[in-house]
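Colleague: Could we go through the charged side-chain contacts in this one together? I'd like to take the pairs in turn.

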Amino acid sequence: MTKEKWLTDLRRFLADDHVKMDEPLHLHTLTRMGGPADIFVTPTTEDETAYTVKYAYENNIPLLLLGNGSNMVVRDGGVRGIVLNLKSLHAIRINGTTLYAQGGAHIKEVSKAAATNRLTGFEFACGIPGSIGGAMAMNAGAYGGEIKDIILQATVLTPEGDKLVLSKEEMELGYRKSIITKKGYYVLSAEFGLEYGSQPVIDAKMVDLTYQRESKQPLEFPSAGSVFKRPPGNFAGKLIQESGLQGRGFGGAEVSTKHAGFIVNKNNATADDYIQTIEMVKSAVREKFGIDLELEVKIVGEDMA
């Protein structure tokens, strides 16, 4: 089957403008890098999402889920098969102390919605640049809080396109891991259990955490966020800084001078520039400290032919 056939088949169930061929992925990643997707699908309902997943499974077509592109490096040759983006599934609803959010909702917006409704527990996520689906998959955390602290349940699709409801225990949430990544599930929605708090206290915490993030992270340049996981008993940024790597890189990519745990797209970097800079960092830290840094970002796609 050709990508033209995939395009035709998927447009029988989804609107034409929600199924695109050869879509440049640099338009959809926070690094502003990445070649084209053979087919790029943005379903508007859970049924359309399930249809896309089933279609890919039944026809043996590679399927990649792209959230808001905050934790991913797409190679310059792009992605073969179908790229699924759930940005149109972004509903947020609140019922008492229970908050419901669809998988494509930005976690920052969900955190703000909780705060606006005097709910506490989600403040830690006010600066995380990802979707709810990505946050669930990686058990996102910051400033002493994690998704596993507040999650009640999640509704997911299996790789075959079947719907499942997972309890908190069934999600197996750990440091930057979950059953979602292990099994290749696609998050449709999640429910969180929060508590009522003091509005002035919640607002003050949101302001403080936003300031901490903006003052310490290089938000003025495109990046994939924190590139490496935290090594046991240490910090990736500290090891990179002490290796003298800040300001160094390849092409338009550079280890941030503001926060060494970030690699930024400073000047029209290619994905190859970014990946070479990652390898330089890993090699230097291994040589100086004997520590193998593990990637937190996901590298996908193919190199340029």
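**Salt bridges**

Colleague: How many salt bridges does the structure hold?

Modeller: The structure, which is a predicted model, holds 16 salt bridges.

Colleague: OK, take Lys-54 then. Which residue does Lys-54 form a salt bridge with?

Modeller: Lys-54 pairs with Asp-162, and the closest N and O atoms of the two are 3.8 Å apart. This pair links distant parts of the chain, since Lys-54 sits in helix 2 (residues 46-58) while Asp-162 lies in the loop between strand 11 (151-157) and strand 12 (163-167), 108 residues apart.

Colleague: And why does Lys-54 count as partly exposed?

Modeller: Lys-54 counts as partly exposed because its relative accessibility is 33%, and Asp-162 likewise counts as partly exposed, at 39%.

Colleague: Switching to Arg-75: what is its salt-bridge partner?

Modeller: Arg-75 forms a salt bridge with Asp-303, with the closest N and O atoms 3.5 Å apart. Here too distant parts of the chain are linked, Arg-75 being in the loop between strand 4 (72-74) and strand 5 (79-85) and Asp-303 in the segment after strand 18 (298-300), 228 residues apart.

Colleague: Is Asp-303 buried or exposed?

Modeller: Asp-303 counts as exposed, because its relative accessibility is 53% and the cut-off for exposed is over 50%, whereas Arg-75 is partly exposed, with a relative accessible area of 24%.

Colleague: What about Lys-148, which side chain does it meet?

Modeller: Lys-148 meets the side chain of Glu-146 in a salt bridge of 3.8 Å, N to O, and Lys-148 is partly exposed at 31% relative accessibility.

How values were computed. Residues are numbered from 1 along each chain as its sequence is written. This is a predicted model: local features need pLDDT of at least 70, side-chain atom pairs count only at pLDDT 80 or more; totals for chains, interfaces and linings use all residues. Side-chain values use heavy atoms; hydrogens and water are left out. A salt bridge is a side-chain nitrogen of Lys or Arg within 4 Å of a carboxyl oxygen of Asp or Glu. Helices (H or I, at least four residues) and strands (E, at least two) are DSSP runs, numbered from the N terminus. Buried means under 20% relative accessible area, exposed over 50%, partly exposed in between (1.4 Å probe, protein chains only).
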